[in-house]
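Student: I have the sequence and the structure open. Can we go through it piece by piece?

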Amino acid sequence: MRLVVDLNRCQGYAQCAFLAPDVFTMHGDEALLYDPHADDTQREQVRRAATACPVQAILVEDQDAAPASAKGARDVR
Amino acid sequence: MSADGYLEALRRKGRIVIVGASLAGLRAAETLREQGFTGSLTLIGDERYQPYDRPPLSKQVLLGRAAAEHTALPRHSALNAQWRLGVAATGLDMSAKRVRLADGEEVEYDRLLITTGVRARPWPHPQEVELDGVFTLRTRDDTAQLYRRLAAGPRRVLVIGAGFTGSEIASACRERDLPVTVAERGAAPLVGALGSVVGEVAATLHRDHGVDLRCGVMVTGLEGDPAGRLRCAHLSDGSTVDTDVAVICLGATRNTEWLAGSGLGAGPRGIACDAGCRAFDVRGIVTDDVFVAGDVARSPHPLFGYQFLSLEHWGNAVAQAEIAAHNMISASADRRPHLWVPAFWSSQFGVNIKSVGVPPMGEQLLVAQGSLTERRFTGVYGCQGRVIAAVTFDQTKWLEFYQRLIESAAPFPPSFRTVDRRAEGLEPVAAGFPDPSLPTHGPTVTVSGYSPTDRRITFTPAHA
């Protein structure tokens, strides 16, 4: 499951680090480190973290939008 | 055909080509689809990969908390696009509306968006780059290679250049307990981006985390052993650093060479465009069908004296791509200006550094909150009596307030009494940006003046 955090928006509230600690961790007091390709078993926790983020900085890929696995160089996605 | 009819046909069955398949290109493509573009969409990228996110590469990937190949960007929506990945664009014919590709093919467009970004500025001595152990960091592949080498436990890592990328790499290496030397030509790390007052704080961060930081020096040469492995680096102060890894972090250079001779206003400083992302041609006339966004664009910003700014910021790539995509399929009266206030972040040595506005325009700096010695502060930059930028070290929550001051051209120094204001924050000090007209290192002779009678030769001694 792909995700990205808009770190311009992120203000280090750390809600995500409580709700999905295997994906989001605080690094120092404010800086956030996250796994941009979280395991699918984390989907529910990541969804909760994205919902709880006070500044709505977490973008999680919609399952329907996910491109299929790698194909040739000229494919349509 | 009426203009409206053309636009309607373009939105329904036009051909849009995006050259540059990274963050800006992807966000533009998504915006086009979200705004109802149903024609054909082609994304061309010189890397083999689907668009991926670069900021993690110098942070969590080097720390082993994420894999370089697992940085692909999430999608808002299905794109239904043609992807031409692993093949660079090599030329543009503006009158025939065709993009030439490295494999000899040509792709026709009705509207073109250029998001080719930047690449790492190369080390000036090509034969030294061939040495085993010399790296740059810009792409996924670069990072994967560097990560493997760091995991193998080198004796020492030399980071050449203490901008944001170099500082983040040094931070990651120290966190992995690797000995690190950082060589910086300027007076302090981050000095070009944030000035010497804040740069000195960054220098203490480096040193307190065990970095062997050397400022005011240049790396004059990299030396290998007979087997072609990096052995040591020679510095301009006559010293030598024994190292088996060197990471070259000399900033970035814009990917515009493929546009040489196309007639587009593209050069080493980027591609000039108007606030609506339409590219200028070499005559200074704005084009109607070529748009630019992201790191490669240079556009005028009303908040900053209409200066043409090129911003290598993640947030700028997103915001400008959305504006460009909207404008590509909108009538002139519906077009929007790109008015994003510059903002960026970096995390290094456990500190979250964030900024809004354009700090290098700042003449003076006021520590409005917190304290430099505590490394938790908000610095406000002033230019000609107004607030022009702000930087925070672990004080992110205040940044939005200062962004509003920038947007409203609030007076500098700020007239309010802030919370947590200290004695050091009562009077502004010089922000300490290096004079761009002076060389940062070494004695130099420059010639100035135009007419033969006022030609002058100036000798500038070495700083250090």
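Student: Where does UniProt put "domain: Reductase C-terminal" in chain B?
Tutor: The record, an unreviewed entry, places that feature at residues 344–414 of chain B. UniProt positions are given in the numbering used here, feature names are shortened, and annotations may be inferred rather than shown by experiment.

Student: What numbering is that, and what kind of model?
Tutor: Residues count from 1 along each chain as its sequence is written, chains are lettered from A and ligands numbered from 1 in the order in which they are written. This is a predicted model, where local features need pLDDT of at least 70, side-chain atom pairs count only at pLDDT 80 or more, and totals for chains, interfaces and linings use all residues, with side-chain values taken on heavy atoms, leaving out hydrogens and water.

Student: How much helix and strand is in 344–414 of chain B?
Tutor: The span is 13% helix and 51% strand, and its end C-alpha atoms lie 22 Å apart. Helices (H or I, at least four residues) and strands (E, at least two) are DSSP runs, numbered from the N terminus.

Student: And the other UniProt domain, "FAD/NAD(P)-binding"? Where is that one?
Tutor: The unreviewed entry has it at residues 15–321 of chain B. That span is 21% helix and 31% strand, with 17 Å between its end C-alpha atoms.

Student: What does the domain assignment give for chain B?
Tutor: Domain 1 (3–119 + 254–334), domain 2 (126–250) and domain 3 (350–430). Those bounds come from an automatic or database domain assignment.

Student: How many residues do domains 2 and 3 of chain B put in contact?
Tutor: Ten residues of domain 2 of chain B touch 13 residues of domain 3 of chain B; contact means heavy atoms within 4.5 Å. The C-alpha centres of these two domains lie 30 Å apart.

Student: What area do they bury?
Tutor: About 1000 Å² between them, 73% of it on carbon and sulfur atoms. Buried area is the accessible area (1.4 Å probe) that two parts lose on being put together, summed over both. Leu194(B), Val197(B) and Val201(B) supply 44% of what domain 2 of chain B buries there, more than any other three residues.

Student: Which side chains make the salt bridge between those two domains?
Tutor: The count there is one salt bridge, and Arg375(B) and Asp208(B) meet in a salt bridge at 2.1 Å, N to O. The rule wants a side-chain nitrogen of Lys or Arg within 4 Å of a carboxyl oxygen of Asp or Glu.

Student: OK, switching to the chain A and chain B interface. How many residues from each?
Tutor: Chain A gives 32 residues and chain B gives 43. Between them they bury about 3300 Å², 49% of it on carbon and sulfur atoms.

Student: How many salt bridges across it?
Tutor: One. Arg376(B) and Asp29(A) meet in a salt bridge, 2.3 Å from N to O.

Student: Which strands of chain A supply residues to that side?
Tutor: Strand 1 (3–5), strand 2 (24–27) and strand 3 (31–34) of chain A each supply at least two. The largest share, three residues, comes from strand 3 of chain A.

Student: Last one: how many salt bridges over all chains?
Tutor: The search of the whole structure finds 33. Elsewhere in chain B, Glu108(B) and Arg15(B) meet in a salt bridge at 2.9 Å, N to O. That pair links distant parts of the chain, with Glu108(B) in strand 6 (residues 106–108) and Arg15(B) in strand 1 (residues 15–19) of chain B, 93 residues apart.
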